Amino acid sequence: MRETQAQTVQVSPLRDDLAFLDIVTEWDIASGYHQWKAGIVVPDTFRPTVDLPRVMAVANQKGGVGKTLTTFELGMAFAARGLRVRLIDADPQVASLTSWLRILYPADLPTDQRRSLTDVYFDRCTLKEATYQTIYENLFLVPSFPDLATVETEHPTGYETCLRFHLWEEEDDVDVTIIDSGPSLGSLTVSALVAARDVLVPVQAASGLDIEGAAALHQTLGTITTRMNRGLRVAAVFLTDFTRSKLARTIGSEMAKAFPDALVVPVRTCVEIGNAQLSKQALRAHTPDATTTLDYDRGAGVLLRGVSR
Ligand SMILES: Nc1ncnc2c1ncn2[C@@H]1O[C@H](COP(=O)(O)OP(=O)(O)OP(=O)(O)O)[C@@H](O)[C@H]1O
Ligand SMILES: [Mg+2]
């Protein structure tokens, strides 16, 4: 057994069987607050993802809304279903997914030959060569470092389609790819949206400003869908840091209106996220019983209904 295989940690199992968030067809805003219960909105027009491989981009130009958490926990939830999952860190910030999710680099790979997403953009390696086993079984990461920002300033031409080219033209055995974007609608995010089939939009359930942000995202997505990627659709909105409140109910209902064909998934608050980050563990591994983990499990189950290995 190779060293990397020996060290991987099994992803803790699914919690789909537990009773938690209901599945509803529309967000209830008419009933009195005390009777109201949050649920996952599954509109009639929503179609689960059944064909693999699948490429999903997590995007919202607002910072700190839960993009990286959504990428990581959803990836863990898919891995728990036995799927082979690749996460791509497309955010040049230092404190991003690459700092949180530990890679098991092959023991015989010299440090100066480690690849990153920047190398893929500048055609110095294939996407497969920049994809590394992480400490979790079935979970792989394409890391990035601050030099990724040079893609936006120094890339000659065609970088908007670069990721799409590598994702769809290269042979590999990955089932689901999830791309984590930074807090902007700049070229790196655009190139993730050009590569993806599904967009996942995290918004903070307690921020009234996120409604305006969603309008800007809507416009960008409209342009990309018309000009560059007709197959793109918003598959889900994740209401992160969710606690039951009148504001959360209003935001959930506005999001369901803004993205009428998408799932709306409340992701309940967990105070352990900071500790999980500090110990460089997924929340699912650090606090397996966190409601946040359960909510991502349920969201993953509806997104990819019936798909598992
Ligand atoms: N369900 C939740 N419960 C508690 N806190 C949450 C939850 N979701 C997100 N947060 C908080 O929001 C913080 C930011 O999350 P995250 O880093 O995923 O956002 P981001 O959108 O990726 O940020 P950036 O735009 O800077 O990349 C987390 O560290 C956590 O403190
Ligand atoms: Mg982030």
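Modeller: Here we go through the ligand site.
Biologist: What should I know about the model and its numbering?
Modeller: This is a predicted model: local features need pLDDT of at least 70, side-chain atom pairs count only at pLDDT 80 or more, and totals for chains, interfaces and linings use all residues. Residues are numbered from 1 along each chain as its sequence is written, chains are lettered from A and ligands numbered from 1 in the order written, and side-chain values use heavy atoms, with hydrogens and water left out.
Biologist: Which residues come nearest to ligand 1?
Modeller: Gly64, Gly66, Lys67, Thr68 and Leu69, of the 20 around ligand 1 (a heavy atom within 4 Å).
Biologist: How far is the glycine 64 backbone from a ligand 1 oxygen?
Modeller: A backbone N or O atom of glycine 64 is 2.9 Å from that oxygen atom.
Biologist: And which ligand 1 atom is 3.2 Å from aspartate 241?
Modeller: A nitrogen atom, facing a polar backbone atom of aspartate 241.

Technical notes. A polar contact is a pair of N or O atoms within 3.5 Å; within protein, one must be able to donate a hydrogen and the other to accept it, and residues adjacent in sequence count only if both atoms are side-chain atoms.
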